[in-house]
Amino acid sequence: MATATVNVDLEGYVEREDTSGFPIAWVPITRDDPTGTYADTRTTALITAGTRSAYLLNRGTYIGFNSRSFFFFDLSSIVGTITAATLKVYAGGTGNSVDTVIVEGTAWNFDGSVTTLDLPDYSALAFTTPYSSPKLSWTASAYNSYALNATAISAMNTNGYLNAALITDDYDYKPQAPTLGDDWGVLISYANGSFPQQLDITYTPAGYGNDVNGVASASIVSINGVATASIVTVNGV
Amino acid sequence: MTYTQQTLIFEQDRIYFLNPYEKEEEVMMDWEDDLMSASAAYVTQNGGDILEIGFGMGISANYIQSHVINSHTIVENHPAIIPKALEWASDKPNVTIVEGNWFDVKDSLSTYDGLFYDTYGDECLQYFPSSLTQLMNPNGVATWWNALPTPSNAFGIDGVEYQEFSINPPKNTYFNHTKYYLPKKQF
């Protein structure tokens with residue numbers, strides 16, 4: 001087994017804000033609309049509540065608000081089979097902490113060939129494909145970790161990348177409408193040069209895949225100082 | 001957290017609070033001065049008894065006082081603004097400050113010749129159109145803050161005319177358009 005840490009390649013968030021003089025049906029109007037009202041690809045540092053769900057009143061209007069964070073990790077540096085992974089998101093503050101969850105993302109043209117987020121990317125995610133369990137807490141000025149599930153790991157092995165969205169669990173994933181006055185979200189530190197979003201990966205290096213002298217191949221890191229990834233045959237086998 | 005629970009910050013040119021993410025949320029700003037002046041002029045055009053729901057920065061209240069009227073009733077619900085409204089009214093004998101949410105106190109109010117409705121975080125916003133008739137005298141006139149950047153109103157109130165204003169507000173959290181359509185409703 002080997003481990004590696006991969007930094008995020010692309011990140012940002014897309015918001016949707018609906019205003020109306022009268023109460024808003026939050027789920028069908030705000031959550032389920034395919035298009036956002038503001039998209040922000042982060043290449044410079046920003047701390048903001050990029051994952052947030054709210055139903056508010058302000059000056060003469062109701063506001064339905066929902067924001068989703070999108071992250072892309074290129075895994076081409078990982079040569080082997082991923083067996084476990086943890087997505088770590090750095091918090092710029094607590095915000096108004098809420099349960100959050102990772103789901104499959106489809107922004108960035110799936111494979112990272114598009115490097116900016118646009119308004120339609122608001123719906124560039126698959127609610128039917130959760131990549132983690134809900135995370136029930138959010139710690140300020142620290143990495144907040146999501147253990148990715150078998151579905152995510154399978155996708156990473158197949159695709160060679162991780163495309164993920166971080167959303168609120170109760171209001172966006174499930175979803176249930178927030179109560180008027182609710183404003184739930186987490187403060188995320190985007191494009192933080194010191195603390196980038198990270199993916200901790202455990203993987204089995206590709207390369208020599210046979211048992212040697214009774215030792216299972218999965219337990220062999222190197223033979224005579226040569227990494228298994230560089231070994232094609234041992235003694236002609 | 002409801003609006004009345006927010007800690008308001010008062011500056012010369014605005015009132016705002018900080019949301020849970022430490023971002024500033026403006027409640028009212030002084031760029032609205034022309035709109036407040038026009039709103040006050042409309043609701044006082046027939047003189048008489050005037051009802052103002054929402055004191056805010058007191059801009060419209062000052063304009064209403066500049067016209068010839070009989071009485072000026074102001075309903076205000078934010079605990080940090082109420083003392084400011086009371087102080088402002090202390091030397092104005094025709095002003096009555098009513099403390100509380102307008103919907104909760106509406107049955108204790110009278111009927112009026114002019115009404116200006118401009119609230120923030122108003123949990124009874126949806127009840128404004130159905131309550132309006134109850135508060136108006138025949139031939140009375142009413143206007144309200146119009147959050148829509150079009151000559152229409154989200155309340156569905158019929159028979160409304162609109163006066164168009166070209167505006168250039170600084171970026172804020174409640175109105176970022178270049179046109180404001182002041183609603184004018186005559187009963």
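**Notes on a predicted two-chain model**

1. Let me start with the layout of chain A: the C-alpha centres of its domain 1 and domain 2 lie 39 Å apart. Domain 1 covers residues 2-206 and domain 2 covers 207-237, with bounds that come from an automatic or database domain assignment. Six residues from domain 1 of chain A and six residues from domain 2 of chain A make up the contact; two residues count as in contact if their C-beta atoms, placed from the backbone, lie within 7 Å.

2. A word on conventions: this is a predicted model, in which local features need pLDDT of at least 70 and side-chain atom pairs count only at pLDDT 80 or more, while totals for chains, interfaces and linings use all residues. Residues are numbered from 1 along each chain as its sequence is written, and chains are lettered from A and ligands numbered from 1 in the order in which they are written.

3. On confidence, the model scores ipTM 0.85 and pTM 0.87. Chain B has a mean pLDDT of 96, with 100% of its residues at 70 or more; pLDDT is the predictor's confidence in each residue, from 0 to 100.

4. Between the chains, 19 residues of chain A are in contact with 22 residues of chain B. On the chain A side, strand 2 (10-20), strand 4 (46-57), strand 6 (80-96) and strand 11 (183-190) each supply at least two residues. That side of chain A has six nonpolar, 11 polar and two charged residues. Here Ala, Val, Leu, Ile, Met, Phe, Trp, Tyr, Cys and Pro count as nonpolar, Asp, Glu, Lys and Arg as charged, and the others, Gly among them, as polar.

5. Now to chain B, which has five helices and 10 strands; these are DSSP runs numbered from the N terminus, helices being H or I of at least four residues and strands E of at least two. Its radius of gyration, taken over C-alpha atoms, is 16 Å, close to the 16 Å that the globule rule gives for 187 residues, so chain B is as compact as a globular protein of that length. The rule is 2.2 Å times the number of residues to the power 0.38.

6. One sheet in chain B is worth a look: an open sheet of three strands in the order 1-2-3, with antiparallel pairing. Two strands pair if DSSP finds at least two bridges between them. Strand 1 (9-11) and strand 3 (24-29) of chain B are the edge strands. Strand 1 and strand 2 (residues 14-18) of chain B pair over three bridges, and B:Glu11 stands opposite B:Arg14 in strand 2.
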